[in-house]
Amino acid sequence: MTVTSGPSSATALERNRPIGADELRAKADWIRLETIRLIDQAGLGHYSSTFSCAEALAVLYYHTLRLDPADPSWPDRDRFLLGKGHVAVGQWPILAELGYFPTAWLDGYGRLGSPLTDHPDMRKVPGVDFSSGSLGHNLSVGVGMGLAQRLRHGDARVFVLTGDGELQEGQVWEAAMSASHYRLGNLVAILDANGFSGGGATSVTLNIEPLADRFAAFGWTTVEVDGNDVGALARAFDTLPDPSGDRPVCVVSRTRKGAGLAAMEAAPQAWHLGHMTEDERAAARAEIEARMAR
Amino acid sequence: MSNVTSQMEDVFSEEAQAHSPNVVGDELARLVAAHPEVVVLSADMGAALGKVREVAPERYFDLGIAETNTMSVAAGLAASGFVPYVVSMAPFGMLKCAEQIRTDLASTKMPVRIVARLSGLAMGFFGASHHAIEDLAIARTITNLTVCAPSDSASTIALLRSTYDVDGPVLIRTSEGIARQVYDAVPTIPRGCFVEVRPGDDAAVIATGVGVSIALEAAEVLAGEGVQVRVLDAAYLKPLDERAVVAAAGTGRILTVEEHHVMGGLGTMVAEVLGRHGLGARLEVHALPDEDLEVGVPAALLERYGLTPAGVTAQLRHLLAG
């Protein structure tokens, strides 16, 4: 195995790039607008699950992650795994804007033959570090990637964004156990704790709390933040322990399902999977654009 | 030592591994030494992997009794440039992980090699939970997955070695219940090819895994009576050697032998080929019945279900009489 260490790419985007909170908030709202547009194009999609983690996606891609869109397989890039793959619709506009693929690809979203699908496919889309769709797998994949970084003496971090309903999958806890056993300080789990799964509130379907305590008991360092506050997320990511550390980090990102639209926050479950009418889209766009204009 | 223990050696113990040929562990140690990108993952099967730990302790990972996690961890290592060999017990490492294998290894074409040990009835003593007899039926439907099954220790080495650089994931279905060697030396088995281990034109046996050595013994019995039976080692189940099946049909009589459920395994695959090619050869499938199987030591189970030279000889006589 060839060992490469340290950022060497001339086109790399470094970690913790300077960007203002207002701009990150605007990015999160732009992700929401694009999500509405793409889901309309496809005719079906996961709105409220995407909205809950829009701020996390914005902060990771526009501030935190070390990336090189010109070299998607750069060995020293930070990895980002979308455990809750059903929100790929929110990832596509970002990857296009960063230059991983032509923005024209977005226009084909949801159509037969499009590389952009409801869940991400690593073989079809540059910038997707691993495929997802089957909940509960990606934290394990992240453990493997963390082990690989250790073997090649790389300092890349591996971020895995999971849903909170996803944590009902038993494999997640196998992964949690193995991450601390192998002392993977380069692994960061971000739990998008919006309180719901497809079937209803997680407190009703199958309780997963207390999340931080559970991960702490599995040997992880935990931090709990308001996941719809870009400043809080950025602070949490900026102060991550060095990836050479010996404990994986769990960021419990407390979010609102459907965050960013009042009607959706009031009825998050109705918008887990759906398709807005023309009137609903117009109202949603108006609400988001008014916020962005302030 | 009790009778049961003497028949069902504790293959998991360090002591047993130290005193019996450890083909898988030895070959994996060679692979680790030869290729710096090879890593070995174990789902609590470390007793057989002591040499790997000696050669490259940093490239050996025990993930414990957590097979599903182990498969997906392997996927993450593979996505980072490594070539993981995952060692687990077949009923858990393959059957339990069918979805992880499909989703994380095969759909993504990750170069992970799944060494499914103790397949078939090799752990039959421990209960029906430990039978792994549905694996081929599942594995063959997984797109991008190469499926192979050694028939003795030499072909175990051959397949472990030769699948190192196969594109995409590989399932290597091993069994520890093989008494007789099929090959004198490590054979060369091209991907997707059967091996003719005995010539003959009066009938053809297509066997896999433990079935091959059994079929060879049966063919020798019949040779003593002047009947020449071709024996093919179906070392690869996917891709399947269709040309060899078509050629076998030229004998007019085919018997398949496998330590697998009668549905979906080698017999089914051969029947599909005959059907697709419109060939009218007589086909008999010698496999495990679609019923609750007995529990017992492997030798007793193989005897019970006719996976013995006598059982296959009798089946061949039936085929030849038809």
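Chain B and chain A share 13 residue pairs in polar contact, counting pairs with both residues at pLDDT 80 or more. Keep in mind that this is a predicted model. Salt bridges are another story: the count between chain B and chain A is zero. Here's a quick tour of that interface, plus a look at one residue inside chain A.

**Who sits on chain B's side**
- Three elements of chain B each give two or more residues to the side that touches chain A: β2 (60-62), α5 (67-78) and α7 (98-106).
- The top contributor is α5(B), with eight residues.
- Sorted by kind, chain B's side splits into 12 nonpolar, 11 polar and eight charged residues.

- On the contact count, 31 residues of chain B meet 20 residues of chain A.
- Putting the two chains together buries about 2,100 Å², and carbon and sulfur atoms give 64% of that area.
- Over in chain B, the residues that lose the most area to chain A are B:Phe61, B:Asn69 and B:Phe82, which together make up 22% of what that side buries.

**A closer look at A:Val251**
- You'll find A:Val251 in strand β7 (residues 249-254) of chain A.
- A:Val251 counts as buried because its relative accessibility is 0%.
- Leaving aside residues up to four places away in sequence, A:Val251 touches A:Val188, A:Ala189, A:Ile190, A:Leu191, A:Val223, A:Val225 and A:Phe237.
- A:Asp40 lies 211 residues from A:Val251 along the chain, and the C-alpha atoms of the two are separated by 32 Å.

Definitions and conventions:
Residues are numbered from 1 along each chain as its sequence is written. Chains are lettered from A and ligands numbered from 1 in the order in which they are written. This is a predicted model: local features need pLDDT of at least 70, side-chain atom pairs count only at pLDDT 80 or more; totals for chains, interfaces and linings use all residues. Side-chain values use heavy atoms; hydrogens and water are left out. Contact means heavy atoms within 4.5 Å. Buried area is the accessible area (1.4 Å probe) that two parts lose on being put together, summed over both. A salt bridge is a side-chain nitrogen of Lys or Arg within 4 Å of a carboxyl oxygen of Asp or Glu. A polar contact is a pair of N or O atoms within 3.5 Å; within protein, one must be able to donate a hydrogen and the other to accept it, and residues adjacent in sequence count only if both atoms are side-chain atoms. Helices (H or I, at least four residues) and strands (E, at least two) are DSSP runs, numbered from the N terminus. Ala, Val, Leu, Ile, Met, Phe, Trp, Tyr, Cys and Pro count as nonpolar, Asp, Glu, Lys and Arg as charged, and the others, Gly among them, as polar. Buried means under 20% relative accessible area, exposed over 50%, partly exposed in between (1.4 Å probe, protein chains only).
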